Amino acid sequence: MTSSSPQFPAFAPATNPDGPRYAIYFAPDTNTPLHRFGSTWLGRDAVSGAEVTQPKLDGIDATRQTELTATANNYGFHATLKPPFHLRDGTTADQLLEEAAAFASARAPFQTQLVARDLSGFLALMQKQSKAEMRELAADCVRHFDPMRALPGDAELEKRRAAGLSAQQEQMLQRWGYPYVMGEFRFHMTLSKRIKDDSERNALMQEVLKHGAEALATPVTVDAISIFHQENKKTPFTRLGCFVFGS
């Protein structure tokens, strides 16, 4: 690594790497077809925390369906704006919520259209056309809330590197604690784990298109950010607060 590579900010790793984590997500309004589809598809409403009965799928039994969606279920239906992080020592959840309210108050809503895509073997909802407003929102979230983030520990860094990172992704990991931010950001709402079998992946995609038809046909209004919270590694992420733009 060259001396010109970005370096870590000058604060410490989390004192308890197994403690609470927070993330800044786009999560659709609970009254939208997108929220209903995502919660049903994954089997959990991450806003209420309630389990939801998953739809019956053609050609995929219930046990396999649960396996395919388990990781996404744990994180909740969302698109990541600032990836999960521990709070820096001396920073509280209340302060994070206050900062999110201030951040949201200065932003304006926009709309986007989603499509279902194969993202390197994962199925996800992505933007039909990448929008500058979305890229700016994600980049601003990463920057704005970064002073509240504890540094990742060595184990977390090595876990990220195990996927094989480009030089740019390594720089993002060092500077922001996650490799897929800023120029590496791609808006996506994950629907499955990585599926190696082409026929199974294609079959699942057909079910996404069938059960998600209403959600995919409806333009999505991005008018809020949500703070999600995970108490520890054994518990799922749930929404801690929602902050509407311009309010």
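Predicted model: local features only at pLDDT ≥ 70, side-chain atom pairs only at ≥ 80, totals over all residues.

Start with the largest pocket, which has a volume of about 1200 Å³. It is lined by 32 residues, and the ones closest to its centre are Phe122, Tyr178, Tyr180, His188 and Thr190. Helix 2 (62–75), strand 2 (79–85), helix 5 (154–161) and strand 6 (189–190) each put at least two residues into it, with strand 2 giving the largest share, four residues.

Now have a look at helix 2. Even so, helix 2 bends by about 55 degrees at threonine 69. Thr69 is also one of the buried residues of this helix, along with Gln65, Leu68 and Ala72. An α-helix has 3.6 residues a turn, so residues three or four places apart point the same way. The buried residues of helix 2 pack against helix 1 (33–42), strand 6 and helix 7 (198–211).

Searching the whole structure turns up three cavities of 30 Å³ or more. The largest cavity holds about 120 Å³ of space, and of its 15 lining residues, Pro84, Phe85, Arg149, Glu156 and Gly177 are the closest to its centre. Strand 2 shows up again here, giving the largest share of the lining with four residues. Eight of the lining residues of the largest cavity are nonpolar, two polar and five charged.

The second largest cavity has a volume of about 50 Å³. Its lining is made up of Ala27, Pro28, His35, Ser39, Arg44, Ala46, Val47, Phe77 and Phe228, which divide into six nonpolar, two polar and one charged.

Finally, two single residues. Serine 226 sits in strand 8 (residues 224–230) and, with 1% relative accessibility, counts as buried because the cut-off is under 20%. Beyond its sequence neighbours within four places, serine 226 is in contact with Ala23, Ile24, Tyr25, Ala27, Arg239, Gly241 and Cys242. Arginine 88 lies in the loop between strand 2 and helix 3 (93–105), and its 31% relative accessibility makes it partly exposed. The C-alpha atoms of arginine 88 and alanine 150 are separated by 4.0 Å, although these residues are 62 apart along the chain.

Note on methods:
Residues numbered from 1 in each chain as written. Heavy atoms only, no water. 1 Å grid on protein atoms, 1.4 Å probe; cavity = no way out; pocket = protein on both sides within 12 Å on 5 of 7 lines; lining within 4 Å. Points joined across faces, edges and corners; volume = space filled by probe spheres on them. Bend = angle between axes of the 7 residues up to and from the residue. Buried < 20%, exposed > 50% of the residue type's maximum accessible area, 1.4 Å probe, protein only. Contact = heavy atoms within 4.5 Å. Nonpolar A, V, L, I, M, F, W, Y, C, P; charged D, E, K, R; others polar.
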